[in-house]
Amino acid sequence: MQEFIKQFNLTLTDEQLQKFEKYYTYLVETNEKFNLTAITEREQVYEKHFADSLAGCVYIKKGASLVDVGSGAGFPSFPIAIAREDVSVTAVDSLGKRVNFLCELSHMLNLNCTCVHSRAEDFARQHRQQFDVATARAVAPLNILLEYTAPLVKVGGLVLCYKTDESECETAKNAERLLGLKYQGCFSFHLPSGDRRCILKYNKVKDTPLTYPRGQNLPRKKPL
């Protein structure tokens, strides 16, 4: 992983590498009790979860506040928190068991992370435009993701959506316009296995109208 993440201008200390190993061990142990990930083989976890998550660091400024929506088992927020100790991370997930796992992990690794049990739209209404960066990975189609994340980000901030390609950008143009975002392009890279990944970068250029995010699960029922 050290060699791979050099392209993101990252180098990990021995202590940080030890934290990733503890993360892996605890992830696999907990996964036996309830499903966190279908990927459990060590090299696959390091490549497809840890290394992939760290790619977003290229866009995150020093001392940034970051909110991760639909954190699941902590991707991409927890690898970022390990590698970038200057970043203040808030991880939000709607499932209590996942949040309990993240809370225990944060304590175990002594990370600068706050873990919140909440639906994305509820959290966004309560924490409007409080963060420098919002991330989301493997949560929902892009136009839905943007409604969950854009209200959380300050004007001048970023929304980073982890995807396999940029094919959803066209269908998300209406959401982009309504939510005060401006698409800035796709950071494309390949994992060591050759699998292509990309991070879609959106700048927050104006306030998100108070109408968004909508309640009653409307972002999923009637996507923008």
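1. Pro213 sits in the loop between E7 and helix H9 (218-221). This is a predicted model. The peptide bond joining Tyr212 and Pro213 is cis, with omega about 5°. Gln216 is found in the loop between E7 and H9 as well. Its phi is near 55°, a positive value in a residue other than glycine. Gln216 has 71% relative accessibility, so it counts as exposed.

2. Another cis peptide bond links Phe75 and Pro76, with omega about 10°. Pro76 belongs to the loop between E1 and helix H4 (77-83). As background, most peptide bonds are trans, and most residues other than glycine have a negative phi.

3. Asn110 has a positive phi, near 55°, and is not a glycine. Look for Asn110 in the loop between H5 and E3. Asn110 counts as exposed because its relative accessibility is 65%.

4. Now the sheet. Seven strands make an open sheet with mixed pairing, in the order E3-E2-E1-E4-E5-E7-E6. At the edges are strand E3 (113-117) and strand E6 (181-190), each pairing on one side only. On average, neighbouring strands are turned by 20° against each other, direction ignored.

5. Strand E5 (residues 153-163) pairs with strand E7 (residues 196-204) in the antiparallel sense, over six bridges. Val159 has Tyr202 in E7 as its bridge partner.

6. Two helices deserve a look against the sheet. Helix H5 (residues 96-109) packs on the sheet and touches strand E2 (88-93) and E3. The direction of H5 makes about 165° with that of E3. Helix H7 (residues 142-149) lies across strand E1 (65-69), strand E4 (131-137), E5, E6 and E7. H7 runs at about 145° to E5.

Conventions: Residues numbered from 1 in each chain as written. Predicted model: local features only at pLDDT ≥ 70, side-chain atom pairs only at ≥ 80, totals over all residues. Heavy atoms only, no water. Pairing = 2+ DSSP bridges. Helix = DSSP H or I, 4+ residues; strand = E, 2+ residues; numbered from the N terminus. Axes fitted to C-alpha atoms, helices over the stretch in contact; angles between N-to-C directions. Contact = heavy atoms within 4.5 Å. Buried < 20%, exposed > 50% of the residue type's maximum accessible area, 1.4 Å probe, protein only.
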